[in-house]
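Let us go through this model by question and answer. Keep the coordinates open.

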Amino acid sequence: MSYFQTFQVFPNIPEPLSATLKLTRNLWWCWHLDAIELFRRLDPKMWKQSGQNPILFASMLTQKDLEDLTDDDSFLAHQKRVWELYEKQVVEPVDYSDTPFVKHGTIAYFSMEFGIHESLPLFAGGLGVLAGDHLKAASDMGIPITGVGLFYRRGYFHQYLNGDGWQQEEYPETDIYHIPVKRAKDASGNEVFVKIELPMGEILAMVWVIKVGRISLFLLDTNLPENPPEIRNITSSLYSSDPKIRLAQEVLLGIGGMRALDRLGIRPVVCHMNEGHCAFANLERLALMMEQNNLDLKVAQEIITRTTVFTTHTPVSAGHDEFPVDMVRPYLLSFEKRFGVTVDEILSWGQSGAPSTTGPLSMFVLALRMAQYCNGVSELHGRVARRMWAHVWPGHPEEEVPISHVTNGVHISSWISIENSMLFNRYLGPEWELKHREEEIVNRIDGIYNEELWRAHELSRSRLIRTCRTIMGKQYKRRNASKSMMSEVESVLDHDVLTIAFARRFATYKRANLLLHDPKRFEGILTSTKYPVQFIFSGKAHPMDNEGKELIRRLIHFARNANLRHRLIFLEDYNIDIGRHLVQGADIWLNNPRRPFEACGTSGIKAAVNGVLNVSILDGWWCEGYSEEVGWRIGNGEENDDHQYQDSIESQALYNLLENEVIPCFYDRKEGNLPERWLQKMKASMKMAMSSFSAMKMVDQYNESFYLPAAARMHELLKDDAAEAKRLNILQKRLRSNWGDIRIGRPVRNQDGPFRVGNTFTITVEVNLGKLFPEEVDVELYYGNVKTIDSLTKGYVETMHVKESDGSGGFLYECTLSCQKAGRYGFTARVVPKGDAVIRFTPGNITWA
């Protein structure tokens, strides 16, 4: 039998429960514990079986169950309380009258993945979960963001291990009737479709919308009967290993996503690209800017670049997508006519170095060159990114490369344990979730009684242990384990033992095997009777990463030792739900990547806000978060090209740290009382994470530093028939045409020295600007402590001023330098364009003495 016609039957929700039904259609519920409890209280066991998915859960309830609730005063009062909060946080309009978003402006936030809840499998890992937390925080804060992504029918893979411990993958299809999506419609009520033209045909995609609080998230889907199988397969699963599918996904996300917004009548004033996967969005946005405002290409580029934000999350060059130009060219041919330039010129925007007909197109470079606001996701990552990509701005010192940083944060309401939430409600006050950045609120954590905090944490740890036993039981049952083995699984781990969690992607640089460097010593830690310790590992390797899979296999084989079986486990199929249990219930969060390859590492922040202490390499966010009061560091931030040597040294440092500091601190309980030192660290950790590393702080920094200035600039650039954008274009043409004629001599000081602190001296330099004027350039003294004969440890800039003019383009510039600190200094001079970052950092527009 085949060709069944299908139909879906939904529960018939009684009118008194209509508010609960509406709540299931907006993911706002998933970060409000009172809303989660509204569903869970109906049948806790069934709620767990549904994967905490309220739509699926409702279909599992009988009609009688629903009818009975209409007479349950307790449930109806609970529903009323949750609904009133929903109306306040979602339905009530936000006043944008004092912002550049006053006329329905929005920030388009593009991301390849979004991790909002485990019931919506549109994510692979940290990048997606960060994007989900970004949307949630924006909703809480009333910042007008619109999300754009892809709808993956089979999401990212589900992991299970075979008998040898080797990772296997499966891709079950998501049941669209069990997730809160609906078809996106335009102003006339028509369902929205987008097309992307190709020489061999076209890509047709429909558009779904999901509500995330106040935020709309639009998702493109090629799974249409009108499409041939190869086109339908584009949005089948996340991060295909086939480069042709990967390219098609990124074209669909960027070009298709921007076209979808246009069909919906949404014209973003700012575009935020979350990683280089989204870079094609700016090509379509550029074309739309030209067509909708009757502008030429160069003028439109002045606007698009100044209203685009680009965030990079990858500190490894190989981690950025590159595609052969011949593979990309067919997708861009339609832009030749729209832009009025050749496809080779368009491709050159994404090529490193000089334009080439053969060099690959880098999605990172394409995004970088079309965005004024570029940032890494931690302070250290910002430095790494500037070093990696300094060649894009030849002539500029590394520290001046225009890549800043906004350290990632976590959406605290999504990750806080129910026990800690109840403590915070009592001690921090109402709406602490929205006020946690206020110092006075955060400091109230110190007032929580140690007994209450420890009891709350013990409850979280016990829930983690129960969850681990349940998951382990399912794993062993699937492998047809013996009855004796199944019986052992039921008692795995101990509720009162120091519990250390290591959970993340199993990539080689994250070094999941660091503890296995000395197996005997690790075994000694695990089998100690005086200070017992237990480890929980979880995480996936990329399907094509056999080295990562081997790390998992080695760990599984080590754990099969009969002495260790109850002290070390591996949880398969790491996801948001498992992660939530781990960051809430573990005692230690272990992170030992090879510095500086961890861009941020937000899982450690989620742990810290729950009072789980970090033991970590000084990498990513931990460089900023670490102090002796909040956790422990492994090493001192060393970097070494000899990875084998580095692993040897840092594994010993980790063993020493665990044996001599971490484990004794946990069991330091005078006369059987509470671990007071540990509890003080827990409180300090919670305060640190809540005040400095929340998603609300992160989004506020994006808003103040990038979104608001970019949105205001959009209005300025388009005003009066884009007069300002046209002026900037004329200036850029002048600079390009005349920059090569600039000549600058060697700077001369009026004294030879030596100098003492407090002395000043004057420096002059002769400059010939050719046809340019002094008001179009800055002549700068560049100075600092000498590092080598041709480099400084850190450069400082002093603007020089015109002292004399010869009337024919020659000028004498001067400035006074003050000696403020003893040391060996060097200086030189340079000419750069005067203007904003786009003008100042136009490649080639810098001339040194």
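This is a predicted model: local features need pLDDT of at least 70, side-chain atom pairs count only at pLDDT 80 or more; totals for chains, interfaces and linings use all residues.

Reader: At what angle do the axes of α2 and α6 cross?

Author: Helix α2 covers residues 33–40, and helix α6 covers residues 73–91. Their axes come within 10 Å. The crossing angle is roughly 150 degrees.

Reader: Are α2 and α6 roughly parallel or roughly antiparallel to each other?

Author: Angles over 145 degrees count as roughly antiparallel. The axes here cross at roughly 150 degrees. The crossing of α2 past α6 is left-handed. The two helices are therefore roughly antiparallel.

Reader: Which residues make the contact, and how many of them are charged?

Author: From α2 come D34, A35, E37 and L38. From α6 come F75, H78, Q79, R81 and V82. Four residues of this contact are nonpolar and two are polar. The charged ones number three.

Reader: Is E419 buried or exposed?

Author: E419 sits in helix α17, residues 418–427. Leaving out residues up to four places away in sequence, E419 touches A456, L459, S460 and R463. Its relative accessibility is 14%. The cut-off for buried is under 20%, so E419 counts as buried.

Reader: Which two residues does the cis peptide bond with omega of about 10 degrees join?

Author: Most peptide bonds are trans. Omega is about 10 degrees. The bond joins R595 and P596.

Reader: What is the phi of E275, and is the residue buried or exposed?

Author: Most residues other than glycine have a negative phi. E275 is not a glycine, yet its phi is positive, about 85 degrees. E275 lies in the loop between β9 (270–274) and α10 (281–293). With a relative accessible area of 4%, E275 is buried.

Reader: Where is E431, and what is its accessibility class?

Author: E431 is in the loop between α17 and α18 (432–435). Its phi is positive, near 60 degrees, and E431 is not a glycine. Relative accessibility is 30%. E431 therefore counts as partly exposed.

Reader: How far apart in sequence are the parts that E452 and R426 tie together?

Author: E452 and R426 form a salt bridge, with the closest N and O atoms 2.1 Å apart. E452 lies in helix α20 (residues 450–478), and R426 lies in helix α17. E452 is partly exposed, at 24% relative accessible area. The pair ties together parts that are 26 residues apart in sequence.

Reader: What N to O distance does the salt bridge of K195 and E202 have?

Author: K195 is partly exposed at 41% relative accessibility. E202 is partly exposed too, at 38%. A salt bridge needs a nitrogen within 4 Å of a carboxyl oxygen. The side chains of K195 and E202 meet at 3.9 Å.

Reader: By about how many helical turns are R713 and E716 separated?

Author: The side chains of R713 and E716 meet in a salt bridge of 3.0 Å, N to O. R713 is buried at 17%, whereas E716 is partly exposed at 39%. Both lie in helix α29 (residues 695–738), three residues apart. They are therefore separated by about one helical turn.

Reader: Which residues are linked with R713 and E716 in a network of salt bridges?

Author: The count of salt bridges comes to 52. R713 and E716 belong to a network of them.

Conventions:
Residues are numbered from 1 along each chain as its sequence is written. Side-chain values use heavy atoms; hydrogens and water are left out. Axes are lines fitted to C-alpha atoms, for helices over the stretch in contact, and angles run from 0 to 180 degrees between N-to-C directions. Helices (H or I, at least four residues) and strands (E, at least two) are DSSP runs, numbered from the N terminus. Angles under 35 degrees count as roughly parallel, over 145 as roughly antiparallel, 65 to 115 as roughly perpendicular and the rest as oblique. A crossing is left-handed if the near helix is turned anticlockwise from the far one by less than a right angle, and right-handed if clockwise. Contact means heavy atoms within 4.5 Å. Ala, Val, Leu, Ile, Met, Phe, Trp, Tyr, Cys and Pro count as nonpolar, Asp, Glu, Lys and Arg as charged, and the others, Gly among them, as polar. Buried means under 20% relative accessible area, exposed over 50%, partly exposed in between (1.4 Å probe, protein chains only).
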